[in-house]
Amino acid sequence: MTEDLSRMPYQLPFPKDAQEEIVIPKAIPEDERLWVPQAENVWFRPLCLNRSQGYWMNLLKVRKAGVLSRHRHPQGVHGFVLKGRWHYLEHDWVAEEGGYVYEPPGETHTLVVPEDVEEMITYFQVNGVMCYVDPWGQVTGYEDVFTKIDLCRKHFTEVGLGEDFVEQFIR
């Protein structure tokens, strides 16, 4: 009789230097302390902060209407809208709940949350740097995986979780 191997787990050891997976059972947390403040009425929830490859994956939560930021991406960005909607001043489309957005390298845009949206939550994977710019492309600031890690350490310390709390998201 032949043994059914389809339900047998992999039997060999994982590579010695392989990193651990990240498993987050409730990505949209009930504990508000897990939302890191980014600006007034704007927070992010870290999911993966990959310092070795220079990208981050997070939930962005906005509880205000109006212009959030104007920024440029030198590398691609992926987004999936979980709640609410938003758009860019530079495009005629609207990112709505359940919608996916791919932003190609070189894209510069101004994120706007409409007046009738009480809360917007979008899952983003940002690769490389996000450069904040003025309307003529002059850089006014930036974010990268390291600034995100620093913001997390500071916030998690302030809310009593400790600066090492961020380590679970870093790869």
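Lys61 has its place in strand β3 of this predicted model. Its relative accessible area is 1%, and it is therefore buried, since a residue counts as buried when that value is under 20%. The side chain of Lys61 forms a polar contact of 3.1 Å with the side chain of Glu32. Leaving aside residues up to four places away in sequence, Lys61 touches Glu32, Trp35, Asn41, Val42, Trp43, Glu119, Met120 and Ile121.

Strand β3, which covers residues 55-62, runs antiparallel to strand β2, residues 42-50, and eight bridges join the two. Within this pairing, Leu49 has Trp56 of β3 as its bridge partner.

Both strands belong to an open sheet of six strands, ordered β1-β2-β3-β10-β5-β8 and paired in the antiparallel sense. At its edges stand β1 (36-39) and β8 (100-103); each has a single partner strand, so one side of each is left without a neighbour in the sheet. On average, neighbouring strands of this sheet are turned by 25° against each other, with direction ignored.

A helix accompanies this sheet. Helix α1, made up of residues 145-158, packs on the sheet and touches β1, β2 and β3. The direction of α1 makes about 115° with that of β2.

Helix α1 contains another lysine, Lys154. Is Lys154 buried or exposed? Its relative accessible area is 51%, and Lys154 is therefore exposed, the threshold for that class being over 50%. The side chain of Lys154 makes a polar contact of 2.8 Å with the side chain of Glu158. Although Lys154 and Val36 are 118 residues apart along the chain, their C-alpha atoms are separated by 9.2 Å.

The model also contains an open sheet of six strands in the order β7-β6-β9-β4-β11-β12, with antiparallel pairing. Which strands stand at the edges of this sheet? They are β7 (94-96) and β12 (139-143); each has a single partner strand, so one side of each is left without a neighbour in the sheet. From one strand to the next, the twist of this sheet averages 30°.

Strand β4, residues 66-72, and strand β11, residues 130-133, pair in the antiparallel sense over two bridges. Here His71 stands opposite Tyr132 in β11.

Key:
Residues are numbered from 1 along each chain as its sequence is written. This is a predicted model: local features need pLDDT of at least 70, side-chain atom pairs count only at pLDDT 80 or more; totals for chains, interfaces and linings use all residues. Side-chain values use heavy atoms; hydrogens and water are left out. Two strands pair if DSSP finds at least two bridges between them. Helices (H or I, at least four residues) and strands (E, at least two) are DSSP runs, numbered from the N terminus. Axes are lines fitted to C-alpha atoms, for helices over the stretch in contact, and angles run from 0 to 180 degrees between N-to-C directions. Contact means heavy atoms within 4.5 Å. Buried means under 20% relative accessible area, exposed over 50%, partly exposed in between (1.4 Å probe, protein chains only). A polar contact is a pair of N or O atoms within 3.5 Å; within protein, one must be able to donate a hydrogen and the other to accept it, and residues adjacent in sequence count only if both atoms are side-chain atoms.
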